[in-house]
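I opened this notebook to record what I looked up in one structure. The entries follow the order in which I consulted it.

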Amino acid sequence: MYPEYMVAPIREDLTSSGFEQLMTPEEVEQALKTEGTVLLAVNSVCGCAASKARPALKMAVAAGDKTPTKLVTVFAGMEQDAVAKAREHMLPYPPSSPSIALFKDGELVHMIERYHIEGNELHRIVDNLKGAFEAYC
């Protein structure tokens, strides 16, 4: 676990862009039961979250004609029970952070794992997300 003062501005990077921070397993369950589409970001303190994942999330949501019904996030290394519950819904993909999952009517339909983020260019991650939004939202 990280000190909250260190994590607060990283959380705010997404929450100020419309993402709801989920703190408990119950909040995760409720959010993922939403009809329509839910974009779930597993946030992290790592460099690839700062330089690629969070900017790509914000750019894709801002640029898309079609966007998810709900935007939510959990924070790896912090609310461990909420993160574990989110990761249960991302199976069979192994845990990774950062990562991005798109759910439609409660079912996982698109997944971006850490290795898709850290070894990729920002615009390609944005295009990947926009393509998923077009296909499922």
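I began with a definition: a residue is buried when its relative accessible area is under 20%, exposed when it is over 50%, and partly exposed in between, with a 1.4 Å probe and protein chains only. I noted that this is a predicted model, in which local features need pLDDT of at least 70 and side-chain atom pairs count only at pLDDT 80 or more, while totals for chains, interfaces and linings use all residues. Residues are numbered from 1 along each chain as its sequence is written, and side-chain values use heavy atoms, with hydrogens and water left out.

**Entry on lysine 52**

I located lysine 52 in helix α3, residues 47-63. Helices (H or I, at least four residues) and strands (E, at least two) are DSSP runs numbered from the N terminus. I then asked which side chain of opposite charge is nearest to lysine 52. For charge, Lys and Arg count as positive and Asp and Glu as negative, while His and the chain ends are not counted. A salt bridge requires a side-chain nitrogen of Lys or Arg within 4 Å of a carboxyl oxygen of Asp or Glu.

I next looked up what the side chain of lysine 52 does reach. It comes to 3.1 Å from the backbone oxygen of glutamate 118 and to 2.6 Å from the backbone oxygen of asparagine 120. Both are listed as polar contacts, that is, pairs of N or O atoms within 3.5 Å; within protein, one atom must be able to donate a hydrogen and the other to accept it, and residues adjacent in sequence count only if both atoms are side-chain atoms. Setting aside residues up to four places away in sequence, I found lysine 52 touching Ile117, Glu118, Asn120, Leu122 and Ile125. Contact here means heavy atoms within 4.5 Å.

**Entry on salt bridges**

How many salt bridges does a search of the whole structure find? The search returns eight. I examined arginine 54 and aspartate 13, whose closest N and O atoms are 2.8 Å apart. Arginine 54 lies in helix α3 and aspartate 13 in helix α1, so this pair ties together parts that are 41 residues apart in sequence. Arginine 54 counts as buried because its relative accessibility is 7%, whereas aspartate 13, at 22%, counts as partly exposed.

Aspartate 13 also meets lysine 58 in a salt bridge, at 2.5 Å from N to O. Lysine 58 is in helix α3, so its pairing with aspartate 13 in helix α1 joins parts 45 residues apart in sequence. I recorded lysine 58 as partly exposed, at 28% relative accessibility.

Lysine 70 forms a salt bridge with glutamate 20, with 3.1 Å between the closest N and O atoms. This pair links distant parts of the chain: lysine 70 is in strand β3 (residues 70-75) and glutamate 20 in strand β1 (residues 20-21), 50 residues apart. Lysine 70 is partly exposed at 25%, and glutamate 20 is partly exposed at 34%.

**Entry on arginine 11**

I found Glu4, Arg11 and Glu79 linked in a network of salt bridges. Arginine 11 is in helix α1. Is arginine 11 buried or exposed? It counts as buried, because its relative accessibility is 9%. A polar contact of 2.6 Å joins its side chain to that of glutamate 79. Leaving aside neighbours within four places in sequence, the contacts of arginine 11 include Gln21, Met23, Asn43, Phe75 and Met78.

**Entry on the backbone**

Most residues other than glycine have a negative phi, and most peptide bonds are trans. Proline 92 lies in the loop between α4 (80-89) and β4 (99-104). The bond from serine 97 to proline 98 is also cis, with omega near 0°, and proline 98 is in the loop between α4 and β4. Aspartate 105, which is not a glycine, has a positive phi of about 50°; I placed it in the loop between β4 and β5 (107-112).

**Entry on glutamine 30**

Glutamine 30 sits in helix α2, residues 25-32. I recorded glutamine 30 as exposed, at 55% relative accessibility.
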